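Student: I would like to learn how to read a model like this one. Please take me through it feature by feature.

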Amino acid sequence: MTTTLNAKLLKGAMLTGVINAFINGGIQYFFLKTYSSIAISVDSITNNEDTVLGTSVTLSITLAMILTMVAYFGIKEKK
């Protein structure tokens with residue numbers, strides 16, 4: 001690849017990462033703002049309690065969808 005293409009891809013990746021950080025921070029803030037403390041995990045597989053590891057699954061799926069949309073619209077070219 002050429003240097004200009006590498007620079008353009010790096011700039012796009014950095015922009016996408018910063019946008020993603022703000023979006024995920026906002027999502028997690030609104031998900032978890034009512035809790036004073038959250039357990040990392042609990043002793044049983046089935047529970048009714050929110051945990052850090054339990055919410056990470058939802059966050060990773062949401063992150064994948066949001067990051068895909070942001071990257072698509074960030075690198076999409078006009079036809």
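Student: Let us start with the largest pocket. Which element gives the largest share of its lining?

Tutor: H1 does, with 9 residues of the lining of the largest pocket. Helices here are DSSP runs of H or I with at least four residues, strands are runs of E with at least two, and both are numbered from the N terminus. Two notes on the source. Residues are numbered from 1 along each chain as its sequence is written. The model is predicted, so local features need pLDDT of at least 70 and side-chain atom pairs pLDDT 80 or more, while totals for chains, interfaces and linings use all residues, and side-chain values use heavy atoms, without hydrogens and water.

Student: How is a pocket found, and what is the volume of the largest pocket?

Tutor: Rolling a probe the size of a water molecule over the atoms shows where empty space is left. On a 1 Å grid over the protein atoms alone, a pocket is an open set of points where a 1.4 Å probe fits, with protein on both sides within 12 Å along at least five of seven lines; lining residues have an atom within 4 Å of a point. Points are joined across faces, edges and corners, and the volume is the space filled by probe spheres set on them. For the largest pocket that gives about 350 Å³. Its lining has 15 residues, and Lys-8, Leu-9, Gly-12, Gly-74 and Ile-75 lie nearest the centre. H1 and H2 are the elements that give two or more residues to this lining.

Student: How far does H1 reach from its first C-alpha to its last?

Tutor: The expected span is 1.5 Å times one less than the number of residues. H1 covers residues 3-32, 30 residues in total, and reaches 43 Å, close to the expected 44 Å.

Student: Which residues of H1 are buried?

Tutor: An α-helix has 3.6 residues a turn, so residues three or four places apart point the same way. Buried means under 20% relative accessible area, exposed over 50%, and partly exposed in between, with a 1.4 Å probe and protein chains only. In H1 the buried residues are Thr-16, Asn-20, Asn-24 and Gln-28. They pack against helix H2 (52-75). By contrast, Leu-15 in H1 is exposed at 54%.

Student: What does Thr-16 touch beyond its neighbours within four places in sequence?

Tutor: Contact means heavy atoms within 4.5 Å. Thr-16 is in contact with Leu-67, Val-70 and Ala-71. Thr-16 counts as buried because its relative accessible area is 13%. Its side chain also reaches the backbone oxygen of Gly-12 at 2.8 Å.

Student: How many aromatic pairs does a search of the whole structure find?

Tutor: A pair of aromatic rings is described by the distance of the centres and the angle of the planes. Rings of Phe, Tyr and Trp (its six-membered ring) pair if their centres lie within 6.5 Å; planes under 30 degrees apart are stacked, over 60 edge-to-face, and the rest tilted. The search finds 2 pairs. Tyr-29 and Phe-30 are edge-to-face, at 5.2 Å and 75°. Tyr-72 and Phe-73 are edge-to-face, at 5.1 Å and 70°. Tyr-72 is partly exposed at 47%, and Phe-73 is exposed at 56%.

Student: Where is Asp-50 found?

Tutor: Asp-50 is in the loop between H1 and H2. At 39% relative accessibility, Asp-50 is partly exposed. Asp-50 touches Tyr-35, Ile-38 and Ala-39, not counting residues up to four places away in sequence.

Technical notes: Polar contact = N/O pair within 3.5 Å; in protein donor to acceptor, adjacent residues only side chain to side chain.
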